[in-house]
Amino acid sequence: MYIDVAKSRHLVGVDIVLSYTGADENGEPVDPGTVTVSVTRFSGAAVTAGAVAAVSTARTTTIVAANNQTVDRLTAVWSASGNVLATTQHDIVGGFYAALADIRKDTVLASAIKYTDAELLDVRSEIEYQIDDACKRAFVPRFYSEVLSGSGSDTIELYQNDLREVVSAEEWNGSAWVALSSTVADIPASERGRATLRSGWWAAGVKNIRVSYRYGWDRPPPDLRRAVVKAIEARRAGDSSGIPSRAISVQGTELGNVVLATAGLGKWITAIPEVDEVINRYRLKQLGIGR
C-alpha cells in the first residue's frame, strides 16, 4: 500500500510545490546539482510543471492551479545528466482535517517560531492517519488505486470505504492492462467501499482487476476538526494544566493516583479521552468479518 507523508499531500485547485532532496550514500542531504523533472498523473498523462528551482539541497517545481484541478496521484521523476535520481509520489487531496490557522487559534501553538509550520503539518499528517485507520474511512476526498482478484460476481470489495466514483477499471489479459471503459459508469457510489456493477460481473481471477477511484467525505464534521486540533496540540505541547491529557481518572491530592489511557489499546486511538470519544462516533461499523 502506498503511504505518503505530510510533504507529499497537496490540496486540489491551488498552486502546489513538489520537492525532492538529494542524499548521499548515508542518506544525508547533499546538493544534487542541475536537476530536471517530469510529472505524470496516475493515468500516465503528462502534467505541465514549472522550472526546477534550487533551495539548498532540495529541488522544487511548481504546478499551477490550472493544472491541478483533480483529486489524483502524481508521480514526479527527478533526473540529472540523463540519470534518474528519484521518483516521488504526491497525493492531490480534496482537503485537510484542520488548517494551520485552526491549529494555532486558541491553542498554545500560536508561535510560528516555537512551533514551525513544517512541524505542525507533520503532526497533522500523523493524526489524520490515526483517524483514518481507526475509522476505516477518510473525511476528505482522496484518490486510491489497487489490484484485486476478480470475484466472478457483480461486486468486488475495495480497500477504502466511502467510494465516490471509479476513475478507471482494468483487466489483466496476461501481458497488459486492458481498460474496461464501459464499466466505470456502471458503478454507483458506496459507503461500504464495494464496487458493484449494475449489469455484468467482474471476471474471476487472481490479481486480475485494477481499480482506481476517489473516496472519502466532502469535509470533516466540526467536532472531528476540533478533535484533530486538540490532538495536535497535545502531541506537540502536552497539557499546561498539570493533568496529563491521557488521564482517565485522578484520585487523591497532588495527582497521587492517575489512570492513563494507552494509544492503540481497546477503544483508545490517540489516548486522549475527549478526542477519542469524538473519533469513535465516526468509526465505520463493519458487519461480519472485517477486512
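Burial cut-offs first: I call a residue buried under 20% relative accessible area, exposed over 50%, and partly exposed in between. Also a reminder to myself that this is a predicted model.

**Entry 1: the sheet.** I traced an open sheet of 3 strands, ordered β2-β6-β5, with antiparallel pairing. Its edge strands are β2 (16–21) and β5 (53–55), each pairing on one side only. On average, neighbouring strands here are turned by 35° against each other, direction ignored.

I then went through the pairings. β2 and β6 (residues 58–63) pair over 6 bridges; I noted Ile16 with Ile63 as its bridge partner, and Ser19 with Thr60.

How many residues of β6 are buried? I got 5 of the 6, so the strand is largely enclosed by the rest of the structure.

**Entry 2: a helix pair.** I looked at α4 (residues 222–237) against α5 (residues 273–281): they pack at an angle of about 145°, axes 9 Å apart. The crossing of α4 past α5 is left-handed. On the α4 side, the contact is made by Asp223, Leu224, Ala227, Lys230 and Ala231; α5 brings Glu274, Val275, Val278, Ile279 and Arg281. Sorted by class, I have 6 nonpolar, no polar and 4 charged residues in this contact.

**Entry 3: salt bridges.** The structure holds 18 of them, and I checked a few.

- Asp117 and Arg104 meet at 2.7 Å, N to O. Asp117 sits in α2 (residues 117–135) and Arg104 in α1 (residues 100–104), so the pair ties together parts 13 residues apart in sequence. Asp117 is partly exposed at 39%, while Arg104 is buried at 14%.
- Arg235 and Glu126 meet at 2.8 Å, N to O. This pair links α4 to α2 across 109 residues. Both ends are partly exposed: Arg235 has a relative accessible area of 37% and Glu126 one of 41%.
- Arg137 and Asp162 also form a salt bridge, 2.8 Å, N to O. Arg137 is in the loop between α2 and β9, Asp162 in the loop between β10 and β11, 25 residues apart. Arg137 is buried at 7%, and Asp162 is buried at 9%.

Last item: I found Arg9, Glu128, Asp132 and Arg142 linked in a network of salt bridges.

Conventions:
Residues numbered from 1 in each chain as written. Predicted model: local features only at pLDDT ≥ 70, side-chain atom pairs only at ≥ 80, totals over all residues. Heavy atoms only, no water. Pairing = 2+ DSSP bridges. Helix = DSSP H or I, 4+ residues; strand = E, 2+ residues; numbered from the N terminus. Axes fitted to C-alpha atoms, helices over the stretch in contact; angles between N-to-C directions. Left-handed = near helix turned anticlockwise from the far one by under 90°. Contact = heavy atoms within 4.5 Å. Nonpolar A, V, L, I, M, F, W, Y, C, P; charged D, E, K, R; others polar. Buried < 20%, exposed > 50% of the residue type's maximum accessible area, 1.4 Å probe, protein only. Salt bridge = Lys/Arg side-chain N within 4 Å of Asp/Glu carboxyl O.
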